[in-house]
Amino acid sequence: MDQKQIEDALGDSDFSFSDESADDSDGDPLFQLSESGDESSGDESLPVQLNVDNDNIPSNWYPVTGNYQKYFIFENDCPLPIEMLANTEPYDYFKLFLTDDILNCMVLETNRNADECLKSIRLSRSSRFHSWEPIVLEDMTKFIGLLLWMGVVKYPNIADYWSKAERYENSVAPKIMSRNKFFFFFQTLRAEQNYITSVH
């Protein structure tokens, strides 16, 4: 069809397409237009009736505008658990959620999991896992910081962050942690005790 035929077809209400097998009916039993409205009126703001017997679902749907949004009143009666100074850094707010207690738990369980992994597999003499040492809180902080940075600076593959290729070269990842340590860290990271683990 050319542009003129399309315009004529849209303007002619009696026009029928040649493909009669297409189902253009409103046969969905859950979705019925309100019978109180006239389809030919052109008023697109009419509410849509849902034929569902569920008290939790509203019976009318409206166009998505600011008029029908549910507003929550913020009464400012939930202060932070500690008083924050005026010169507080974003990292200080982050530490309210990921406390040292949580990080120390992650350190403990990651070390436990790494130890279980190393005991459960037979390492070759040249295996990079021989150089693994138990991590400390500083290692966990660096690892999480590196993950957050990777979420901002996106490379096609994780290994590319340590690539020496000019297009991927950066001074962040290699200085924070070696690639081998990062990958083993990534495989063994745990926040709770895990009884079934495997390293590939």
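# Helix H4 and its neighbours

In helix H4, the residues Asp139, Met140, Phe143, Ile144, Leu146 and Met150 are buried. Buried means under 20% relative accessible area, exposed means over 50%, and partly exposed lies in between (1.4 Å probe, protein chains only). Seen down the axis of H4, the buried residues fall within an arc of 155°, so they line one face of the helix. The arc is that of the directions from the helix axis to the C-beta atoms. The face of H4 turned away from this buried side carries Glu138, Leu148 and Val152, which are exposed.

The model is predicted: local features need pLDDT of at least 70, side-chain atom pairs count only at pLDDT 80 or more, and totals for chains, interfaces and linings use all residues. Residues are numbered from 1 along each chain as its sequence is written, and side-chain values use heavy atoms, with hydrogens and water left out.

## The protein as a whole

The protein has six helices and three strands. Along the sequence they follow the pattern α-β-β-β-α-α-α-α-α. Helices (H or I, at least four residues) and strands (E, at least two) are DSSP runs, numbered from the N terminus. Of the 200 residues in the protein, 20% are buried. The protein exposes about 16400 Å², and carbon and sulfur atoms supply 52% of that area. Accessible areas come from the Shrake-Rupley method with a 1.4 Å probe; for residues, only the protein chains shown count as cover.

Contact means heavy atoms within 4.5 Å. Among contacts between residues at least 6 apart in sequence, 50% join residues at least 24 apart.

H4 covers residues 137–152, which is 16 residues. From its first C-alpha to its last H4 reaches 23 Å, close to the 22 Å expected at 1.5 Å a residue. H3 has 21 residues and reaches 30 Å between its end C-alpha atoms, close to the expected 30 Å. The expected span of a helix is 1.5 Å times one less than its number of residues.

What do the buried residues of H4 pack against? Their partners are helix H2 (90–97), helix H3 (100–120), helix H5 (173–176) and helix H6 (179–188). In H3, the buried residues are Leu103, Met106, Val107, Glu109, Thr110, Asn111, Asn113, Ala114 and Cys117, and they pack against H2, H4 and H6. In H6, Phe182, Phe184, Phe185 and Thr188 are buried; the buried residues of H6 pack against H3 and H4.

Two packed helices are described by the angle between their axes and the distance between the axes. Axes are lines fitted to C-alpha atoms, for helices over the stretch in contact, and angles run from 0 to 180 degrees between N-to-C directions. Two pairs are listed here.

| Helix pair | Axes come within | Axes cross at roughly |
|---|---|---|
| H3 and H6 | 9 Å | 100° |
| H4 and H6 | 11 Å | 95° |

Between H3 and H6, Thr110, Asn113, Ala114, Cys117 and Leu118 of H3 meet Phe184, Phe185, Gln187 and Thr188 of H6.

## Residues in the loops

Leaving aside neighbours within four places in sequence, Met177 is in contact with Asp139, Lys142, Phe143, Leu146, Trp162, Phe182 and Phe185. The C-alpha atoms of Met177 and Trp162 are separated by 9.6 Å, and the two residues are 15 apart along the chain.

Ile158 lies in the loop between H4 and H5 and is partly exposed, with a relative accessible area of 32%. Not counting residues up to four places away in sequence, Ile158 touches Met150, Phe182 and Phe183. The C-alpha atoms of Ile158 and Phe183 are 9.0 Å apart, with 25 residues separating the two along the chain.

Leu123, in the loop between H3 and H4, counts as partly exposed at 25% relative accessibility. Apart from neighbours within four places in sequence, Leu123 is in contact with Leu118, Phe129 and His130.
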